[in-house]
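Visitor: Could you walk me through this model, starting with the ligand and then turning to the backbone?

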Amino acid sequence: MQILGIDIGGTGIKGAPVDSLQGTLLAERLRIETPDPSTPEACAEVISEIVRAFQWQGPIGVGYPGVVRHGAYTLTAANVDKGWIGLDARGLLEQVTECPVTLINDADAAGLAEMRFGAGREHPGVVMMLTVGTGIGSALFINGTLVPNTELGHLKVRDKDAEKRASDRVRVEKDLSWKDWAKRFDEFLIYVETLFYPDLFILGGGTSKNFDRFSEYLTARTPIVPAGLLNEAGIVGAAMEAYEHHRTRD
Ligand code: BGC
């Protein structure tokens, strides 16, 4: 089934129609800068621009960079405008786009896509997907089933949110070498390893395409692999989630 997948990020809002059963994009993705301030209304306007660009009529799946309850409510907003906190985001986006909308946490979305079509394909046991971009996102899978909203990027490492020390934004802002950034990220990884002892780490987000530049500095014992779908996982996973909602509602 065709679904419009949207990924709201700290710097860009990306979207493309997706074949949710094949995990493929049906057109080149469109990226529009995230508005500043990134209020719900301003982001909704960008999303409706994407809807118009693809002349879209049908279900939409939206990956959101914060906690999402029941496909509808956004509860936190670490890297976007605080107006999203406690919002019926589905209500707002359905009103603006006139399409049925399902929301999901962005890392959970990327994880769903990786587990079905990417690096976690048919991987049993405990799999932990981590996305590294403006923030750090996490998605936990137990025998393929998602435990949503784990939010491990906010674990405290040296008294600071892990993402405030080891996100890709921090690497760029502090002009860290890959080695210096990797040491910071490794501290976080070891912490997560001792909490969950996963069978596999999947690393996604902006940094995953540079995996070869820093993987030698990671010391966790758990196998760690880069995401298979790279930039597209968030869009594909959001579409997969919307498909599931749509299917079970009918
Ligand atoms: C948010 C997470 C999100 C991650 C990546 C964090 O700041 O709390 O919900 O998955 O950033 O965007």
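Predicted model: local features only at pLDDT ≥ 70, side-chain atom pairs only at ≥ 80, totals over all residues.

Visitor: Okay, which residues come nearest to the ligand?

Guide: There are 13 residues around the ligand, and those that come nearest are Asn105, Asp106, Glu151, His154 and Glu163.

Visitor: What polar distances do you get for Asn105, and then for the glutamates?

Guide: For Asn105, a polar atom of the side chain is 2.9 Å from one of the ligand's oxygen atoms. Glu151 places a polar side-chain atom 2.4 Å from a ligand oxygen, and in the case of Glu163 an N or O atom of the side chain is 2.8 Å from an oxygen atom of the ligand.

Visitor: How does the shell divide into nonpolar, polar and charged residues?

Guide: Around the ligand the shell has four nonpolar residues, six polar ones and three charged ones.

Visitor: Where in the fold do they come from?

Guide: Both α3 (106-117) and β11 (136-142) supply at least two residues each to the shell. In terms of domains, at least three shell residues come from domain 1 (2-108 + 232-249), and at least three come from domain 2 (121-227).

Visitor: Switching to the backbone, which peptide bond is cis?

Guide: The bond from Asp36 to Pro37 is cis, its omega being near 5°, and Pro37 belongs to the loop that runs between β4 (30-33) and α1 (40-53).

Visitor: What about His70, is its phi positive or negative?

Guide: His70 is not a glycine, yet its phi is positive, at about 50°; the residue sits in the loop between β6 (68-69) and β7 (73-74).

Visitor: Why point out those two places?

Guide: Because most peptide bonds are trans, and most residues other than glycine have a negative phi.

How values were computed: Residues numbered from 1 in each chain as written. Heavy atoms only, no water. Near = heavy atom within 4 Å. Polar contact = N/O pair within 3.5 Å; in protein donor to acceptor, adjacent residues only side chain to side chain. Helix = DSSP H or I, 4+ residues; strand = E, 2+ residues; numbered from the N terminus. Nonpolar A, V, L, I, M, F, W, Y, C, P; charged D, E, K, R; others polar. Domains from an automatic or database assignment.
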